[in-house]
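Biologist: Please show me the model. I would like to go through its fold with you.

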Amino acid sequence: MTQHSHQTAPTQFVEANGIRFAYRRFGKTGGVPLVFNQHYVGTMDYWDPTVTDGLARDREVILFNNAGVSSSSGEVPTTFERMGANAIAFIKALGLKQVDLFGFSIGGMVVQEITLQAPDLVRRLIVDGAGPRGGQGMELIAQATERLFGAHPHDPPRVSGSRSNSVRPRQARRRDGVPEAHASSAGGPRSRGERQGVAAQVEAIGKWGVQQKGSNDYLKTIKQPTLIVNGSNDVDVPTVNSFIMQQNMPNAQLIIYPDSNHGAHHQYPELFVGHVSMFLSA
């Protein structure tokens, strides 16, 4: 067990494919690490310590900023395929041979790509508040993202730039599952690079949502044990997509949390930790 927690783990850096990735790792070492993949315009600062520290009691947790996000260098890609490839490069740069994956929102799309591109690298995965390529209503996600978050730009999350290694306060949770810091702050991305990074993520969302024949056939090739979770009324990524994924992935199970929205793990953090812990230990 490392001496660090979510609040005290220092930021470290590793280089791969010309990108300098920022990351933190803490928790019980010796098993298969759990790598977290974050949501739209989110950074590794925006995970809930109740979740990260709760899961770190039984396994090592690795948080990181993908290419172009916050204190990681490079540019934010315009496809989840490329984001997945960058994440694979980061994981391999740490010398890891196998990992478990947790992806929330667009991170849930990225972990699907990681698994498709490097199946031997992935033992188990948790997909939270996400959906398949071309899923039901997925073509509207980019518009929904702008509608939900455009009126309340995020601050201080950055899609480029840097941050200090100071102790990070726990993120407050609202009843709708959106962290308070996301919903209440004013001001938007402050630099051209930040605006470009946000635009790249929105473009990637739009491309993923395009509906075409057989767009979700790839789900049948993801054979790793998968835990799919969502809120009962996800207004960003329609909840029905979680059911579609579970029905098409050979080894998937589904949990829908009651009276909850996008990011149900923010509303039920202790229950979520319990479910994930059981799943990863099975």
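Biologist: What share of the contacts in the chain with a separation of 6 or more comes from residues 24 or more positions apart?

Modeller: This is a predicted model: local features need pLDDT of at least 70, side-chain atom pairs count only at pLDDT 80 or more, and totals for chains, interfaces and linings use all residues. Residues are numbered from 1 along each chain as its sequence is written, and side-chain values use heavy atoms, with hydrogens and water left out. Contact means heavy atoms within 4.5 Å. Among contacts with a separation of 6 or more, the share from residues 24 or more positions apart is 77%.

Biologist: How many of the residues in the chain are buried, as a percentage?

Modeller: Buried means under 20% relative accessible area, exposed over 50%, and partly exposed in between, with a 1.4 Å probe and protein chains only. The chain has 282 residues. The buried part is 59%.

Biologist: In what order do the strands of the open sheet lie?

Modeller: Helices (H or I, at least four residues) and strands (E, at least two) are DSSP runs, numbered from the N terminus. The chain holds 9 helices and 8 strands. Two strands pair if DSSP finds at least two bridges between them. The open sheet has 8 strands with mixed pairing, in the order E1-E2-E4-E3-E5-E6-E7-E8.

Biologist: Which strands are at the edge?

Modeller: An edge strand here pairs on one side only. The edge strands are E1 (12-16) and E8.

Biologist: Which residue in E5 is the bridge partner of Phe-36?

Modeller: Strand E3 (residues 34-37) and strand E5 (residues 99-104) run parallel, joined by 4 bridges. Val-35 has Leu-101 as its partner in E5. For Phe-36, the partner is Phe-102.

Biologist: Is Asp-128 buried or exposed?

Modeller: Asp-128 lies in strand E6. Leaving out residues up to four places away in sequence, Asp-128 touches Phe-102, Gly-103, Phe-104, Ser-105, Val-229, His-265 and Phe-272. Its relative accessible area is 1%, so Asp-128 is buried.

Biologist: At what angle do H2 and H3 pack?

Modeller: Two packed helices are described by the angle between their axes and the distance between the axes. Axes are lines fitted to C-alpha atoms, for helices over the stretch in contact, and angles run from 0 to 180 degrees between N-to-C directions. The axes of helix H2 (residues 80-93) and H3 are 8 Å apart. Their packing angle is about 70°.

Biologist: Why is H2 called roughly perpendicular to H3?

Modeller: Angles under 35 degrees count as roughly parallel, over 145 as roughly antiparallel, 65 to 115 as roughly perpendicular and the rest as oblique. H2 and H3 pack at about 70°. Therefore H2 is roughly perpendicular to H3.

Biologist: Which elements are among those that cover the buried residues of H7?

Modeller: In helix H7 (residues 240-248), the buried residues are Asn-241, Ser-242, Ile-244, Met-245, Gln-246 and Asn-248. Their cover includes helix H3 (106-117), strand E6 (122-128), strand E7 (226-231) and strand E8 (252-257).
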